[in-house]
Amino acid sequence: MKSGKITETNLLQWIKTQQKNFLITEKVVHHQPDFFFDESHEIKNVKEALFLSWDKLFNYQWENQQWQVEDIQPSVPSRFLMALPCEIRAIYEVLDRVFLQLPEIESAYSLRRQSLKIVILGCINPEPTCFCSRVGGNPLWSHPEALFILPFHDGYFLETNKPEQFDIIEKAASLNTTEREEIDNLRKQLEEKTIQEKLSADVPQGLYDLFEDEEWENLSWKCLNCGACTYLCPTCQCFDINAEGRLKGFQLKTWDSCMFPKFTLHASGHNPRPTFKERVRQRVLHKFSYFPLREEGHYGCVGCGKCIEICPVNWNIREVVERMVKKIDNQHKK
Amino acid sequence: MFESILKELAKKLLREKTVDLVIGYGSSQYPFRTEPLLINKEEQVATLTWNPFCGNNLARYLKYYKNTQHKIALMVKGCDSRAVQVLLKEDQIKRERLYLIGLPCSGLVNQEKLLKQFPQTSLEDFEWKESGWFYQGKKINPSLLLEETCLRCRHPNPTEYDELVGEPMTDSPYQVYQQDYLEPVDSLSAEERWNRWSKEMSKCIRCYACRNSCPLCYCQECFAESTQPQWVSPAPIPSDNFLFHLVRTMHMAGRCVECGACERACPVSIPIAQLPLKVEAIIREQFQFEAGTDQESTAPLLTYQENDPGDFIK
C-alpha cells in the first residue's frame, strides 16, 4: 500500500489536466464544491459511467431477403471516476456482481469497467438520509485497487495499492508521525460519530418470509410509482430492450424501473405486479432480500440515501426496512 | 394551532362516519419536509400536519378511488382545490363522495432557498401577516423564500371546500408583489430560449415524476409509454424529452391548475412547470379562463366559438 499527502492545489491541478476524462459525481461536488470546474465532468450517478441511461447494442437491416446485423463496440476512453465510498460500493458490491459474473458477462459494461480508474473520496460529512453502515459500508470504506482520498488540515491524504494507475501518488509527500496520528484520529472520530450496526444476518430471509405481510399496502400507498428513485439509485440495474426502426434500425437498451406499472406487463395483458403494493415490495425485497440471499449476504443497497433525498413524496426506504426488521424481531420473540 | 383543529376535524369526520378515509399531510423525520398521509383510523391523526412544506397536490390520489365507494376527506390548498374542480368537471369523481378541508395558503417555502438565505433558522422565525412575509419581525421579499410557482399564485384560498381551517387570505404574494416567474424566460430571444430549454431537456431522465405527481395526468396509458404506436423513444435524448414534455404541456392546456407539483417532484431540478404555466398565462389572457375556479364554464379547448382568439398562434 502506497500512501502520502498532497496539497489541494496539486490535487485540483491533477483533476483539471485529465479534462473530460475525469468524472465526478454530484455527491462529490456537494462535499467538495472546489472539485467542480465544468458541467461536462459532473454526473448525477456512478451508473452514468458504466451502465448508461441508453445504449445502442447493434444495428440491423433487412437486405436481400435477410437480416444484416452489425455489432456496435462502444468506444471507451480510459477515465477516472471520483465518487463517495457508498457510490463506489455500488460498483464493486452490486453492479460488478450483476454484470461481470460468469457465465453472462455484459460486454459493454465490462469494457467501460476495465477502462475506469476509481478514486474514492472519504465521506467526512454524512447526511441525515445516509445509512451506509447499516448495509455493510462505512464513510471511509475503500478498495485496494482504487485511490483513496481523505481531506485533512494540511491538504489531502492519498492511499492506493495500484500506484501505476494513479500518477499523482508520485507527487505525494510522505506523512510524518503527527500527521499519521491526525489521520487515524479523524478515522476514529468519524467511525464513532456515524457507525451503526450492520443489519443482522437474518434480515434477508426474515424479509422474504414477510412477503405476504399486510403492512406492504400501508407502506406503499403514497408512492407515485415514478422512476426517480430507481433511476438515481447507484445500484438499480434493470433495463429494457427496444427495436428502434422496422426494417432498418438499432437495438436500443434503456434504463427501466420496477416502479413503472408496465415493467411487468405481459403480452397477454396480465400483470403480476398490478398495484403499487407489489411494485414497492419488489424494490425493497430485491435490494434487501433476494439480492443478499443470492450474493452471500451482500445487500443490493449501499445506503447512500439518494432515493430518500429526491423522492417527491418522501418515501423512505430506510424507515420501511427498519419497520419490517422490527416485525422480524417481534416474530422471533414469539 | 391549525394542526390541532385539523386533527380534531379528521377524528370527528371518521368517528361520525362522514368519511371513510382522510388524505392529508404527515410530518416527516427530516426537517422542512412533509409526506402524503392516509388516515382511516382515528389514532393515525397523530402525525397530521399543515405547514409551508406541504408541497404535494393530494388530489393526485383521487384516481385510486375512482371506482370505489369510499367517501374521502381531502386537505386542499387553493391550487389543490382547483385540481379537484377540474376532476369533478371531467367526471373523474363525484362531489358527494368528497369532503374538502380547505387550507388558505400563503405560499410554499422552498427548502433550498430557505437553507441558503436563512441558514440555521427555524420555521417559527417566519410569519405571513398584513399581506407580507416577515422574518424575525422584519418584512422580506417573498421571492427569497417561496417556491417560484407560488410567487405567481392567484388563488391562495380554496375555490371549493366544505370546511375552511384557518383565516382566509385577503391577498396572495402575487397580488402584493406582482412577481412573475415567467418574466425572465419571456424576455429571452427565441434563440436564447431554445438554448436554455435544450440544456434543461438534456437533464431529463424520464422518470415521469412530473407526470405522476400531477393530479390531472390520469390517463390509463400515457402516450409516452405507448408502444403501439410508439410516439416517443424510450431513450432519454433531448429530442424525445422535448416531445414528451411539450405534448404533456398541450394535454394540460386549459386544465393545469398551476400548483407546481411537477416542478417540486423533479429529481434533477428542471423548472418544468414553466411550460404549462406559460400556456395557462396565454389562456388567461386570450380566453379569460382559469381552470378549476368554478363548476360552470367550459374549458377553451373543449369548445369552439367563431370569435375564439387566434392571433397568439404564430
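Visitor: Is strand β6 of chain A, residues 79–83, mostly covered or mostly open, and how many of its residues are buried?

Guide: Mostly covered. In this predicted model, 4 of the 5 residues of β6(A) are buried.

Visitor: How do I read the pairing around β6(A)? Which strand does β6(A) join through 3 bridges?

Guide: Start with the general idea. Strands of a sheet pair through backbone hydrogen bonds, either parallel or antiparallel. Here, strand β2 of chain A (residues 22–25) is joined to β6(A) by 3 bridges, and the two run parallel. For a specific pair, take F22(A): its bridge partner in β6(A) is F80(A).

Visitor: Which strand is joined to β6(A) by 5 bridges?

Guide: Strand β7 of chain A, residues 116–121. That pairing is parallel. A83(A) has I120(A) as its bridge partner in β7(A).

Visitor: What is the strand order of the 7-stranded sheet in chain A?

Guide: Read across it: β1-β9-β8-β7-β6-β2-β3. The sheet is open, and its pairing is mixed. β1 (2–6) and β3 (42–43) of chain A are the edge strands, each pairing on one side only.

Visitor: Where does helix α4 of chain A pack?

Guide: On that sheet. Helix α4(A), residues 85–99, touches β2, β6 and β7 of chain A. Its direction makes about 145° with that of β7(A).

Visitor: How do strands β8 and β9 of chain A run, parallel or antiparallel?

Guide: Antiparallel. 6 bridges join β8(A), residues 147–152, to β9(A), residues 155–160.

Visitor: Which strands form the 4-stranded sheet of chain A?

Guide: In order, β5-β4-β11-β10. The sheet is open and its pairing antiparallel. β5 (66–71) and β10 (239–244) of chain A stand at the edges with a single partner strand each, so one side of each has no neighbour in the sheet. From one strand to the next, the twist averages 25°.

Visitor: How many bridges join β4 to β11 in chain A?

Guide: 7, between residues 54–63 and residues 248–255, running antiparallel. One example is K56(A), whose bridge partner in β11(A) is L252(A).

Visitor: Where does chain A meet chain B, and how many residues are in contact?

Guide: 24 residues of chain A are in contact with 24 residues of chain B. On the chain A side, α10 (228–232), β10 and β11 each supply at least two residues. By class, that side has 12 nonpolar, 6 polar and 6 charged residues.

Visitor: How do I describe two packed helices, such as α7 and α9 of chain B?

Guide: Packed helices are described by the angle between their axes and the distance between the axes. For α7(B), residues 190–203, and α9(B), residues 238–252, the axes come within 8 Å and cross at roughly 95°. That makes α7(B) roughly perpendicular to α9(B).

Visitor: Which residues of α7(B) and α9(B) meet?

Guide: S198(B), M201(B) and S202(B) in α7(B) meet P238(B), N241(B) and F242(B) in α9(B). The contact has 3 nonpolar residues, 3 polar and no charged.

Visitor: Now α7 of chain A. What span does this helix reach, and what is expected?

Guide: Helix α7(A), residues 177–194, has 18 residues and reaches 26 Å from first C-alpha to last. That is close to the 26 Å expected at 1.5 Å a residue.

Note on methods
Residues numbered from 1 in each chain as written. Chains lettered and ligands numbered in written order. Predicted model: local features only at pLDDT ≥ 70, side-chain atom pairs only at ≥ 80, totals over all residues. Expected span 1.5 Å × (residues − 1). Pairing = 2+ DSSP bridges. Axes fitted to C-alpha atoms, helices over the stretch in contact; angles between N-to-C directions. Contact = placed C-beta atoms within 7 Å. Nonpolar A, V, L, I, M, F, W, Y, C, P; charged D, E, K, R; others polar. Parallel < 35°, antiparallel > 145°, perpendicular 65-115°, else oblique. Buried ≥ 20, exposed ≤ 12 C-beta atoms within 10 Å, placed from the backbone.
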